[in-house]
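Here is a short report on one protein chain. Look over the sequence and the model first, then read on.

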Amino acid sequence: MLSQKNVESVTGIPARVYLDTIRGSGFPLPVTRLGKLRLVQREAFVAYLQALAGDPESRRDEEVDERTRVAAVLASVGLESVPCPRSGRASAPSAVASRARLPPK
């Protein structure tokens with residue numbers, strides 16, 4: 001069995017990532033609660049990780065689902081998502097950012 005106390009030594013995954021993963025919606029494995037410990041069968045968890053690593057299509061589907069949920073929340077309050085072009089560089093200023101500055105006083 002894996003818990004947040006031994007998951008890093010067994011799989012190399014930090015305890016926080018493990019807990020976030022097993023608490024996430026759509027986690028397919030049974031989680032046993034024993035006090036504050038969250039236990040999952042080791043073999044099943046490793047197989048789940050291997051399936052995630054080998055199936056990039058499912059990750060794309062999750063990203064699309066997330067964007068759909070975000071769009072629904074925005075629409076419920078009368079807003080819409082605005083696509084932002086990715087520059088590939090965190091420090092590169094975008095044209096939109098330069099137009100959004102307030103004029104000097």
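Predicted model: local features only at pLDDT ≥ 70, side-chain atom pairs only at ≥ 80, totals over all residues.

Asp 20 forms a salt bridge with Arg 16. Their closest N and O atoms are 3.6 Å apart. Both residues lie in helix α2, 4 residues apart, which is about one turn of the helix. Arg 16 is partly exposed as well, at 48% relative accessibility.

How many salt bridges does a search of the whole structure find? It finds 2. The other pairs Arg 42 with Glu 43, at 3.2 Å from N to O. Arg 42 is partly exposed. Glu 43 counts as exposed, because its relative accessibility of 52% is over the 50% cut-off.

The residues of these salt bridges, with their relative accessibility:

| Residue | Relative accessibility | Class |
|---|---|---|
| Arg 16 | 48% | partly exposed |
| Arg 42 | 37% | partly exposed |
| Glu 43 | 52% | exposed |

Now the interior. In soluble globular proteins, nonpolar side chains tend to be buried together. The largest nonpolar core here has 11 residues. Among them are Leu 2, Val 7, Ile 13, Phe 27 and Val 40. Two elements give two or more residues to this core: α2 (15–23) and α3 (42–54). Helix α2 gives the most, with 3 residues.

Ile 22 is one of the core residues. Not counting residues up to four places away in sequence, Ile 22 touches Phe 27, Val 31, Arg 38, Val 40 and Phe 45.

Ser 3 sits in the segment before α1 (7–11). Is Ser 3 buried or exposed? Ser 3 is buried, because its relative accessibility is 6%, under the 20% cut-off. Beyond its neighbours within four places in sequence, Ser 3 is in contact with Tyr 18, Leu 37, Arg 38 and Leu 39.

Next, the whole chain. The secondary structure comes to 5 helices and 2 strands. Along the sequence the pattern is α-α-β-β-α-α-α. Of the 105 residues, 14% count as buried. The accessible surface is about 8,600 Å², and 56% of that belongs to carbon and sulfur atoms. Among contacts with a separation of 6 or more, 36% join residues 24 or more positions apart.

Last, confidence. The chain averages a pLDDT of 79, and 71% of the residues score at least 70. Among the elements, strand β2 (residues 37–39) has the highest mean pLDDT, 95. Helix α5 (residues 95–99) has the lowest, 55.

Definitions and conventions:
Residues numbered from 1 in each chain as written. Heavy atoms only, no water. Core = buried A, V, L, I, M, F, W, Y, C linked by side-chain atoms within 4.5 Å. Buried < 20%, exposed > 50% of the residue type's maximum accessible area, 1.4 Å probe, protein only. Contact = heavy atoms within 4.5 Å. Areas by Shrake-Rupley, 256 points an atom, 1.4 Å probe, with all protein chains shown as cover. pLDDT = per-residue confidence, 0-100. Salt bridge = Lys/Arg side-chain N within 4 Å of Asp/Glu carboxyl O.
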